[in-house]
Amino acid sequence: MPDTPRKVRLIRRRIIWAALALLTLFLAWQAYDILTGKPRPSVDYATPFYDLVASVQGEGENGWDLYTQTVDHIGETCSAAFMAAMEAHSERAASEDGEEPAATFENVYFPSFDDVNRGPFDRAAWQPHLQIIDSLQAEGSLEALRRVCAMQRFAPPRDTSLTLEEIYRTGPQLSNFRTVCRLNAARMRLSAHDGRWDEFAQVVDESLALANIMSSQATILRQLIAVSLVAMVDRELRCSLVEFDAPASVCRQLREILEARLPLPGVALHLEGERLYQLDGLQRIYTASGRLPVSEWGKHRGDLSGLFPGRASGEAEGALADALAIAIPGHDRAIALTNQVFDEVTEFARRPLTERIKTRCKLSIDVEQLPMNQVLLRENGFSYFDRFIANSAATECETEATIVMLAIEEYRARHGRPPSSLNDLVSDILETAPLDPANGQGYGYRLLTGDAVGRTYLL
């Protein structure tokens, strides 16, 4: 019996040592995982993303290769021509004035868009555009662009991941796309000044086709570019209608083009595509155990505050939070936060347009708490979610107003005067009185006399 307490103590000691040994092994394994672990993605987000893209595209021949080749060639050709024109402009101005002016790319890119309130149209300022348009026409590039815009399907090559590098790879392509869009703005302006309305309508149709191609790629960045293109077309179209008298047949043709090409695919599509991008990126920075390895910590330390809401900004507290980000599994929390934000934004994006116009998208958590910032979802304190939804809604409203303006211009071309009220458009041109999608009510409209820029009505 006297040996019993000793045996108990011995057993207890062995249990404690065994537990300490296991704990040591566990901590050693965790340290090894943190120091040498590599991200081990386990979920296939790429397949549902590309399936999502395919769901909004038509059937038939895949025009992706022709699209990328044509846009890249036109974009690079335009950029080189405009850069050469800018350098020539700087040299000419320097020789005349004795000092080189602050010449910028915009001086040549957008030479005196007179719109409705600037000086007379200076055709000489558009010489670089005229030359590049003639060159592209002669080599068949504009015809290739027409073929692209007539296609329905643009499926990019499928990849096994949706990493940020993929977006970086397409950066030059996006830049070329925007250059092509700006060239089309010049084509619209020049054809309107020359009274070539068939060409004007054709360029409008091509531009909106390009917007749909970009929009169908299902990410926020590409949708923002598509929306900006639609806004540019609306603006150029409205300015041209104020400056020039378009035939009634052209006004009807343009209205049919806008109604056929717009609106772009809904923003919920792009939010879902962006969600898949974000989730795929998240799983590629964590180890299989859900920890952030040292190899990834340095890349993303600025994006990890969302894992620790209320994190202090002091150096000591920040260093502690950074250490915890490595030591404590954060994968599940990062996924949960990301899904929560996208669920809330998607719910708001599906509300009626009138509600989206009046209110902002309020989230239950600050967007700054998102654990990743892959595609600039925040900038200068403003959420890209807000900007994305607001810009899309505003452009949709502008397009509806442009369609009404085209109906007014069609009536003016037929009757020699604008309608006395929008009710005059009903049955003659429109089936019902137009309503402003921003508030669900009728548009304001009145006739003008003696307007400084020659407008005969105000919508």
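How many helices and strands does the secondary structure of the protein chain contain? In this predicted model, the chain comprises 17 helices and six strands. Of its 459 residues, 45% are buried. Among contacts in the chain with a separation of 6 or more, 76% involve residues 24 or more positions apart.

The packing of two helices was examined. Helix α5 spans residues 127-139 and helix α6 spans residues 141-150. Their axes lie 5 Å apart and form an angle of about 75 degrees. Because angles of 65 to 115 degrees count as roughly perpendicular, α5 and α6 are assigned to that class. On the α5 side, the contact is made by Ile 133, Leu 136, Gln 137 and Glu 139; α6 contributes Ser 141, Leu 142 and Arg 146. Classified by residue type, the contact of α5 with α6 has three nonpolar, two polar and two charged residues.

A further site considered is Arg 417, located in the loop between α17 (384-415) and β3 (435-436). Arg 417 has a relative accessibility of 43% and therefore counts as partly exposed, since that class lies between the 20% limit for buried and the 50% limit for exposed residues. With neighbours within four places in sequence left aside, Arg 417 is in contact with Tyr 411 and Arg 412. The side chains of Arg 417 and Tyr 411 make a polar contact at 3.5 Å. The C-alpha atom of Arg 417 is separated by 8.8 Å from that of Thr 456, a residue 39 positions away along the chain.

Notes
Residues are numbered from 1 along each chain as its sequence is written. This is a predicted model: local features need pLDDT of at least 70, side-chain atom pairs count only at pLDDT 80 or more; totals for chains, interfaces and linings use all residues. Side-chain values use heavy atoms; hydrogens and water are left out. Helices (H or I, at least four residues) and strands (E, at least two) are DSSP runs, numbered from the N terminus. Buried means under 20% relative accessible area, exposed over 50%, partly exposed in between (1.4 Å probe, protein chains only). Contact means heavy atoms within 4.5 Å. A polar contact is a pair of N or O atoms within 3.5 Å; within protein, one must be able to donate a hydrogen and the other to accept it, and residues adjacent in sequence count only if both atoms are side-chain atoms. Axes are lines fitted to C-alpha atoms, for helices over the stretch in contact, and angles run from 0 to 180 degrees between N-to-C directions. Angles under 35 degrees count as roughly parallel, over 145 as roughly antiparallel, 65 to 115 as roughly perpendicular and the rest as oblique. Ala, Val, Leu, Ile, Met, Phe, Trp, Tyr, Cys and Pro count as nonpolar, Asp, Glu, Lys and Arg as charged, and the others, Gly among them, as polar.
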